[in-house]
Structures are given as C-alpha cells and as structure tokens.
Amino acid sequence: MTHIATKLTAARCITIDDQEVPNAVPPGFVRLRLAAASLCGTDLHYYAHFANAGFELQNPVTLGHEACARVVDPNGSDLRPGQLVALNPIMNCGQCDPCRRGEENLCRHKNFPGSATTVPHLDGFFREIIDHPLRCCRPVAETVNPRHLTFAEPMACALHALNKAGVEAGQEVLVMGCGPMGLLTVAGACARKAHVSAADLRPAAVDVAVRAGAAEGLVIGEIDTGDLEKRFDVVIEASGAISAFNTALEAVKQKGRVAILSNIQLTQAEVMLRLIMLKEIEIVGSFQFNKEFEEAVRLIEEGSVDFDTLTADLFPLENTAQALRMMADGKALGKIVLLGPDER
Ligand SMILES: [Zn+2]
Ligand SMILES: [Zn+2]
C-alpha cells in the first residue's frame with residue numbers, strides 16, 4: 001500500500017484503503033503528509049452513530065479535524081518541504097457577516113472536514129496525504145513535537161470557551177467533566193493563572209486533571225455538591241450531562257458565567273432556569289474558535305502545557321479503528337493520538 005486513507009463507511013466500520021492522490025495540487029492549496037492527528041468527541045459520535053448532534057452522514061467519509069502535517073509540495077508558497085504546520089480545519093468563506101466580524105466559527109458557508117455539516121462532505125485528516133488551503137496552514141518552529149501540535153484545534157476550542165467566559169488570572173474556575181475537552185480547558189485556565197477546580201464521576205479522570213494543574217479535584221458522588229454553592233466566578237460545562245449543567249448553575253457565584261463547551265446532542269433537558277434569574281447568571285455558548293487557533297499554537301510553541309499528561313494513548317494511523325474503539329469504550333483518560341508513518 002503506498003498511501004493510507006481511513007474511511008468511515010457505516011457506524012463502527014472503518015476501512016483502510018490505498019489513497020488515490022491526484023497529480024496536481026489545486027491552486028491556493030499545499031500538499032501535506034500527516035504527522036499526528038487526535039480523536040475528538042465529534043469523531044466518536046460519527047463513528048458510533050454515523051451522525052453527530054442531529055447531522056447524519058450521507059456517504060462514507062474520512063474522519064478527523066485535529067491534526068498537524070509536514071509539507072510535501074509547497075505549491076509555489078513560502079513553505080519548505082518537510083516543514084511542520086498546524087492545520088486549521090475551519091475553511092470559512094471570508095465574505096459573510098460573521099466572517100467580516102472575525103467570527104469564522106459562525107460562517108454561513110463554512111467548509112469543515114470529516115463532518116456531516118459540510119455537504120458534499122469533505123474528507124478529514126485521518127489519512128496520509130492531505131491537500132489543505134495554504135491560508136489554513138500555520139507553520140511552527142522546528143522544535144515543536146507533532147504529538148503536541150495536534151492539540152492546536154481542541155486547545156483552540158477550550159480557549160474560545162475561556163474567552164467567552166472571560167476567564168482571567170486569580171479567578172475561581174470550575175471545569176465540569178474531565179474528558180479530553182475538560183482536561184484541555186483545565187490546562188488552558190491554569191496557563192492563565194486561574195485557580196482551577198475540576199469535577200468528574202471518574203476518580204482516575206480527576207487525577208489527570210490534577211496532574212494537568214487543577215488545584216482541586218472533585219469526584220462527583222463522593223462530595224456533597226451543595227458545598228460548591230456560589231463558590232466560582234466561572235463554570236465551564238464540558239461533560240455533556242444535564243445534571244452537570246444544573247450543578248454548574250448552583251456552583252457559580254451571583255453574576256458569574258457558565259460556558260457550555262460540551263458537544264450537546266439533540267435532547268430535551270430540565271434546567272433550573274430559576275437560578276439563572278435569581279443569581280443573574282450569564283450563560284454563554286462556545287462553538288469552535290476564531291483567533292484562539294493562533295493563541296493555541298503559541299501556547300504549544302512556548303511549551304508551557306504538559307500535553308503528554310493529557311495523552312491517553314498513541315496509535316499508528318492504520319490502527320484508527322482500534323483507536324476509535326478505545327475511545328468508544330470510555331476507558332481512555334485524555335486524548336488519543338494517531339501518528340503518521342514517519343512519526344513512529
Ligand atoms: Zn474536535
Ligand atoms: Zn463566511
């Protein structure tokens with residue numbers, strides 16, 4: 001097999017194919033070879049259900065939107081062959097109102113790889129050769145480890161939530177949920193010198209959050225959530241559980257903010273609206289990212305976050321199915337990373 005391409009053909013069915021690579025690289029694009037990619041909750045939903053948050057896939061697609069890669073063909077650009085770049089998966093139109101405001105996450109004509117929201121679907125990054133728009137490639141210093149750079153996209157999502165919630169140094173911040181996104185949020189809030197508490201049902205996941213810098217780990221079920229009442233300036237909901245959202249409403253101070261970062265599926269929820277009114281809580285949604293992609297890459301270049309602690313396991317690209325199964329089992333603590341053929 002010359003080049004590996006993985007494809008999701010049905011729920012829980014990943015095929016490995018020999019990738020067909022066109023001779024010419026399209027204008028404005030560069031040709032890249034995958035260095036590292038990471039698995040996201042979105043990938044997991046598509047893998048398990050062939051759908052995510054109400055969006056159904058219409059045909060087989062390569063998953064993956066978190067990755068970094070090395071330049072194969074700069075296609076006339078200033079990039080050098082072999083150079084490592086972070087891939088921004090948001091391919092926005094640049095013309096619509098949100099784009100003009102710098103809110104490309106809300107672009108009305110956005111293309112996003114490995115997702116049912118873009119029709120016809122674009123293949124994602126779980127493949128060896130990737131043609132990506134030059135403007136969405138961010139070159140990095142030679143010293144950056146691809147295993148860390150693949151976290152640029154999810155870290156940008158976490159930083160967007162922190163920005164929407166206005167998290168700053170010295171604040172009391174609670175992160176609900178210590179899955180991959182919760183852990184990255186903990187790391188991002190700690191990098192901002194906030195005082196961070198992290199909560200999850202799983203003691204082992206809370207341990208990882210503490211190793212990632214949380215000053216306090218809270219195991220839901222072992223603590224009295226009543227003790228959290230009105231303690232936090234900001235709560236970031238990263239668990240996806242409605243009960244966690246209600247705990248967030250209790251735990252936040254008067255006039256505090258609750259940001260919703262978790263990948264919420266289509267569901268009816270009983271929410272304690274009364275607390276939002278009584279405490280004048282501000283609820284903010286957080287979807288993807290904008291300028292935070294650059295912030296995330298800088299954080300990775302600085303080396304100030306210990307991404308190894310946040311990595312659950314590493315798999316070669318051809319074992320993508322095994323990696324997704326591990327994530328589906330719910331036993332992984334932290335992010336699962338796929339490595340391209342040259343990065344083993
Ligand atoms: Zn993601
Ligand atoms: Zn747009």
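Domain 1 covers 4-151 + 310-339 and domain 2 covers 157-285, with bounds that come from an automatic or database domain assignment. The centres of the two domains, taken over C-alpha atoms, are separated by 28 Å.

Residues are numbered from 1 along each chain as its sequence is written, while chains are lettered from A and ligands numbered from 1 in the order in which they are written. As the model is predicted, local features need pLDDT of at least 70 and side-chain atom pairs count only at pLDDT 80 or more, whereas totals for chains, interfaces and linings use all residues.

Next comes the sheet. Its 6 strands form an open sheet in the order β12-β11-β10-β13-β14-β15, with parallel pairing. Strands (E, at least two residues) and helices (H or I, at least four) are DSSP runs, numbered from the N terminus, and two strands pair if DSSP finds at least two bridges between them. At the edges, β12 (216-219) and β15 (282-285) each pair on one side only. From one strand to the next, the twist averages 20 degrees. Strands β10 (residues 172-176) and β13 (residues 232-237) share 4 bridges in the parallel sense, and L174 stands opposite V235 in β13. Packed on the sheet is helix α7 (residues 242-251), which touches β10, β13 and β14 (252-260) and whose direction makes about 170 degrees with that of β13. Angles run from 0 to 180 degrees between N-to-C directions, and axes are lines fitted to C-alpha atoms, for helices over the stretch in contact.

The axes of α1 (residues 41-49) and α10 (residues 320-328) come within 10 Å and cross at roughly 100 degrees, so α1 is roughly perpendicular to α10 (65 to 115 degrees). Their contact involves D43, L44, Y47 and A48 of α1 with L324, M327 and A328 of α10. By class, 6 of these residues are nonpolar, none polar and 1 charged. For α4 (residues 152-164) and α9 (residues 292-302), the axes come within 8 Å and cross at roughly 115 degrees. The contact of α4 with α9 has 9 nonpolar, 2 polar and 2 charged residues.

How values were computed:
Two residues are in contact if their C-beta atoms, placed from the backbone, lie within 7 Å. Angles under 35 degrees count as roughly parallel, over 145 as roughly antiparallel, 65 to 115 as roughly perpendicular and the rest as oblique. Ala, Val, Leu, Ile, Met, Phe, Trp, Tyr, Cys and Pro count as nonpolar, Asp, Glu, Lys and Arg as charged, and the others, Gly among them, as polar.
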